[in-house]
Amino acid sequence: MARGTRLAFVVACAIGISCAAAAPAAGQNPWRVQSADGKSWVQFGLLAQAQGEWISTPDGTDTAQNLFLRRLRLVGGGKINDKITFFIETDSPNLGKGLATGRKDETIFLQDAILTYSFRDEFQIDTGMLLTPLSHNGGQGATTLLNIDYGPYTFLYSDPTTSKVGRDYGVQARGYVFKKHFEYRVGAFQGARGTTATKPLRVMARAVWYPFEAETGFFYTGTNNGARRILAIGASVDHQDDYKTVGADVYWDWKLKGGNGISAQANVVRFDGGTTFSTLPRQNTWLVEAGFYHGASKLGPFLQAAGRDISGAASIDEEKIVGGVAWWGSGHRFNVKVGLARLTRDVGPSRTQFIIQGQFYMY
C-alpha cells in the first residue's frame with residue numbers, strides 16, 4: 001500500500017472512530033424541540049462525509065490527491081401541524097478539495113427547501129426547491145447511498161436546466177394510492193428561464209409501482225441494510241420546450257434471514273436536449289448497482305457500473321465501474337466505505353480512482 005493510501009486510511013479511520021463515539025443511540029436526537037402536546041416540533045441535524053481520494057489525471061501522467069469533505073450539510077426540518085411539514089438544508093460539496101486554480105473549494109449554498117401540505121396520503125403538495133428524480137438513483141437522499149456516491153451520469157440534466165444537483169424551484173403533487181402500491185409525482189418547475197424569462201415552464205411526471213412495501217418519504221433510499229422488503233418499478237419523464245428526457249428504473253431492497261439484506265437497482269435514462277439545450281446531446285445512460293449486507297459483522301460489499309452512449313459519429317462514450325466494501329458501524333448514522341473505480345473512454349487514457357469515505361449523520 002502506497003504511503004498516501006496508508007495516510008488516507010488512517011485519517012478515515014480516525015474520523016470514523018471519533019464519529020462513532022459521538023453518535024447518540026439510535027432514535028435519539030438531542031437537537032429536537034417540540035410542543036408540550038408533541039404535535040409540533042422542529043429539529044436540526046448534520047451530515048459530514050470526510051473523504052480521501054486518489055485519481056489519475058485526465059492525461060494519465062500523474063495522480064491528483066485530496067483530503068476533503070465530500071459533503072458538509074446543516075439540516076433542519078419540522079412539523080407545524082398535522083398537515084404542514086418542512087425540510088431545509090445547506091451543502092458544501094467537495095469542501096477543501098483542490099481546484100484547477102490551485103485554491104481549495106469553499107462553496108456553500110442552499111440545497112433543499114421543501115414545504116409540504118398533506119391533505120392525505122393520496123394527495124400531497126410539495127413546493128420550494130425540490131429534487132426532480134428522473135431515476136430512483138436520482139431521487140435518493142445522499143445519506144442512504146449504497147455506493148460511495150451517485151452514478152456519474154445521474155444528474156446530467158442539472159446544468160442545462162440550471163438545476164442545483166437535480167433540484168429545481170417549483171411545485172408538485174405527490175401521492176400514494178391503491179393501498180400505497182402506486183406512487184405518482186407530477187410537477188411544474190422553473191427550468192432554464194432565458195434572459196427574458198419567457199421560456200415555457202419545465203414539467204415532470206413520475207410513477208412507481210410497489211408490489212410489497214412502499215417508500216413514502218420525499219427522498220428514496222439506496223439501501224435499508226436488511227430492514228425492509230421493497231420492490232419499486234418506476235418511470236419518469238422530463239420536458240421543457242424542445243428538451244425531453246425519459247427514464248425507467250427498478251429498485252430491490254430485501255430483508256433476509258439472520259439480519260442480512262440485499263440491495264440492487266437498475267436505471268436507464270435517455271437524455272435529449274434538443275434545440276433548447278444544445279450542450280446536452282442525445283444519449284442513453286445506464287446504471288446498475290448491487291450490494292449485500294451481513295448483519296453480524298455490519299460489512300457489505302458493493303458494486304456499481306454505469307455508462308453513456310452519445311449519439312453522433314464524433315461522440316466519446318465512456319463507462320465507469322466501482323467496487324468496494326462498507327462497514328455500517330451505525331447504519332446511515334456512521335459508516336466507512338472503501339472503493340476502487342475505473343473510468344474508460346473511447347478516446348484518451350483510462351483513469352483509476354481510489355476513495356475512502358467516512359460518514360457521520362444525525363437528524
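## Close-up views of pockets, cavities and selected residues

**View 1. The largest pocket and the residues around it.** The largest pocket is lined by 48 residues, and those nearest its centre are Arg70, Asn94, Asp149, Gly151 and Pro152. On a 1 Å grid over the protein atoms alone, a pocket is an open set of points with protein on both sides within 12 Å along at least five of seven lines, a cavity is a set of points where a 1.4 Å probe fits but cannot get out, and lining residues have an atom within 4 Å of a point. This is a predicted model, in which local features need pLDDT of at least 70 and side-chain atom pairs count only at pLDDT 80 or more, while totals for chains, interfaces and linings use all residues. Residues are numbered from 1 along each chain as its sequence is written, and side-chain values use heavy atoms, with hydrogens and water left out. The volume of the largest pocket is about 1,300 Å³, where a volume is the space filled by probe spheres set on the grid points, which are joined across faces, edges and corners. Among the elements that give two or more residues to this lining are β2, β3, β5 (109–120) and β7 (167–177), and β3 provides the largest share, six residues. Strands such as these are DSSP runs (E, at least two residues), as helices are (H or I, at least four), and both are numbered from the N terminus. By class, 18 of the lining residues are nonpolar, 14 are polar and 16 are charged; here Ala, Val, Leu, Ile, Met, Phe, Trp, Tyr, Cys and Pro count as nonpolar, Asp, Glu, Lys and Arg as charged, and the others, Gly among them, as polar.

**View 2. The second largest pocket.** This pocket has a volume of about 850 Å³, and of the 31 residues that line it, Phe87, Phe218, Phe219, Tyr361 and Tyr363 are the closest to its centre. At least two lining residues come from each of β2, β3, β4 (84–91), β5 and β7. The lining of the second largest pocket holds 11 nonpolar, 14 polar and six charged residues.

**View 3. The largest cavity.** The structure holds two cavities of 30 Å³ or more, and the largest has a volume of about 110 Å³. It is lined by 13 residues, of which Ser135, Tyr153, Thr154, Val269 and Thr285 are the closest to its centre, and the elements that give two or more residues to this lining are β12 (261–271) and β13 (283–293). Eight of the lining residues of the largest cavity are nonpolar, five are polar and none is charged.

**View 4. The second largest cavity.** About 60 Å³ of space lies in this cavity, whose lining includes Leu146, Thr223, Asn225, Phe292, Pro301 and Trp328. The strands β12, β13 and β14 (299–310) each supply at least two of the lining residues. In this second lining six residues are nonpolar, six are polar and none is charged.

**View 5. Thr57 in a loop.** Thr57 is placed in the loop between β2 (41–56) and β3 (63–79). Its side chain makes a polar contact of 2.7 Å with the side chain of Asp59; such a contact is a pair of N or O atoms within 3.5 Å, and within protein one must be able to donate a hydrogen and the other to accept it, with residues adjacent in sequence counting only if both atoms are side-chain atoms. When residues up to four places away in sequence are not counted, Thr57 touches Asp62, Thr63, Ala64 and Arg351, contact meaning heavy atoms within 4.5 Å.

View 6. Gly358 lies in strand β17 and is buried, with a relative accessible area of 5%, since buried means under 20% relative accessible area, exposed over 50% and partly exposed in between (1.4 Å probe, protein chains only). Leaving aside neighbours within four places in sequence, Gly358 is in contact with Ala48, Gln49, Ala50, Asn335 and Val336. Gln172, in strand β7, counts as buried at 3% relative accessibility. Not counting residues up to four places away in sequence, the residues that Gln172 touches include Gln124, Asp126, Arg185, Phe189 and Phe218.
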